[in-house]
Amino acid sequence: MLHLRLITPSDRTAEVVRLIEATVGTAHVAVFEGAARNPRGDVVMCDVAREAGDELLSGLTAMGIDESGSIAAEHIDLSLSKRAEQAEKDAPGEGADAVLWEHLAESTHEESTLSVTYLAFLTLATMIAACGVVLDSAILIVGAMAVGPEFGPLAGICTATVQRAPRLAWRSAVALIVGFAVAMLVTAGFSFVMDAAGQFSFSMLEDGRPQTDFIWNPDPFSFIVALLAGAAGTLSLTSSKSGALVGVAISVTTVPAAANAAVALSYSEYKQAWGSTEQLLLNLVGIIVAGVATLLAQKVFWASQRRRLASRRAPRQAPPAAAS
């Protein structure tokens, strides 16, 4: 269940309440007249099943409540109520499958911002991966994958493509491109420092590395795994099963590929650098393609669910009277 807290202009409160009561899957409606001070208006609260939340949020934004008042939503961890149970039964589909498009757009907007923290995480992840590829350490590679924050901008591009939001797409693309450029540049400098300290060497880069050689040797499986990871990552963001995102983070070789390309370039090893770049691009494209396809499939599915619900709720027309 979701808990909504709304601030509505007093002259729109009745309309908002009618919308809430007409939405299948709502319960516990409360109205506090004149309780809001900034902005001034009424406070309306209700609970709604997660699978019905997007329909209600879309209706409220269409009424302009997000501009004239405010809309706040939070997940309810525990709700002991027969009415809440009935609301979840009445709502179409399953809550774990529901997509809250407003929440998705907001979360991807935050995660795809080119911030100092984002650059720091991506750079540190790339430097960890650089140590992993030189030492041929699978553990360091997995750790670097888990630290990397690059799935945020990738999800932002997918969401922006489906929602036709060019500003979000541009913000996400800038974060992705600039982030990897900065991370690879710093990692190349890190490689020079480690070489001067006697920790990295060209011979280590040339030696056989059976644990990590897949990073600069892309093959069809690289794209297949990226497609699967993109679909899984998108599902983890849109559903309530967000824990799966950690598994996605350690299944793609974006950060390790960028790290190996940076180290290889610092030693003028262009063959490995090019192979790593191919691996990076294959993973990025695969994740975006799968993410967009997953979001489109979810959009079509929930649109069909709403049409079925609307058809069941539509009043049946009386049969035509027989001719006399």
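How many nonpolar, polar and charged residues does the lining of the largest cavity have? In the predicted model, this lining has six nonpolar residues, two polar residues and no charged residues. The residues concerned are L104, F151, A155, C158, T159, T234, L237 and L295. Helix α8, which spans residues 151–163, and helix α11, which spans residues 220–238, each supply at least two residues of this lining. The largest share comes from α8, with four residues. The volume of the largest cavity is about 30 Å³, and the count of cavities of 30 Å³ or more comes to one. Rolling a probe the size of a water molecule over the atoms shows where empty space is left.

The protein as a whole contains 14 helices and four strands. Of its 324 residues, 46% are buried. Contacts between residues at least 6 apart in sequence were also examined. Of these contacts, 80% join residues at least 24 apart.

The largest pocket was considered next. Its volume is about 680 Å³, and 23 residues line it. Nearest to the centre of the largest pocket lie W101, E102, H103, A105 and E106. Two or more lining residues are given by each of α2 (50–62), β4 (70–75), α5 (101–111) and α9 (166–196). Among these elements, α5 gives the most to the lining, with six residues. By class, the lining of the largest pocket divides into ten nonpolar, six polar and seven charged residues.

The strands were examined through β1, which covers residues 2–8. Six of the seven residues of β1 are buried, so this strand is largely enclosed by the rest of the structure. Strand β1 pairs with β3 (residues 40–48) in the antiparallel sense, over seven bridges. Within this pairing, L4 has C46 of β3 as its bridge partner. Strand β1 also runs antiparallel to β4, to which six bridges join it. Here the bridge partner of H3 is E74 in β4.

Strand β4 also holds H75. Is H75 buried or partly exposed? H75 counts as partly exposed because its relative accessibility is 44%, a value between the limits of 20% and 50%. Although H75 and M1 are 74 residues apart in sequence, their C-alpha atoms are 6.3 Å apart in space. Apart from residues up to four places away in sequence, H75 touches M1, L2 and R50.

V186 is placed in helix α9. With a relative accessibility of 37%, V186 counts as partly exposed. A separation of 8.1 Å lies between the C-alpha atoms of V186 and M127, which are 59 residues apart along the chain. Beyond its neighbours within four places in sequence, V186 is in contact with T123 and M127.

S112 is found in the loop between α5 and α6, the latter spanning residues 116–135. S112 counts as buried because its relative accessibility is 0%, against a limit of 20%. The side chains of S112 and S172 are joined by a polar contact of 3.3 Å. When neighbours within four places in sequence are left aside, S112 is in contact with G152, P153, L168, R171, S172 and A175.

T254 belongs to helix α13, which covers residues 254–266. T254 is buried, with a relative accessible area of 1%. Which side chain makes a polar contact with the side chain of T254? The partner is the side chain of E150, at 2.5 Å. Leaving aside its neighbours within four places in sequence, T254 is in contact with E150, F180, L280, N283 and L284.

How values were computed: Residues numbered from 1 in each chain as written. Predicted model: local features only at pLDDT ≥ 70, side-chain atom pairs only at ≥ 80, totals over all residues. Heavy atoms only, no water. 1 Å grid on protein atoms, 1.4 Å probe; cavity = no way out; pocket = protein on both sides within 12 Å on 5 of 7 lines; lining within 4 Å. Points joined across faces, edges and corners; volume = space filled by probe spheres on them. Nonpolar A, V, L, I, M, F, W, Y, C, P; charged D, E, K, R; others polar. Buried < 20%, exposed > 50% of the residue type's maximum accessible area, 1.4 Å probe, protein only. Contact = heavy atoms within 4.5 Å. Polar contact = N/O pair within 3.5 Å; in protein donor to acceptor, adjacent residues only side chain to side chain. Pairing = 2+ DSSP bridges.
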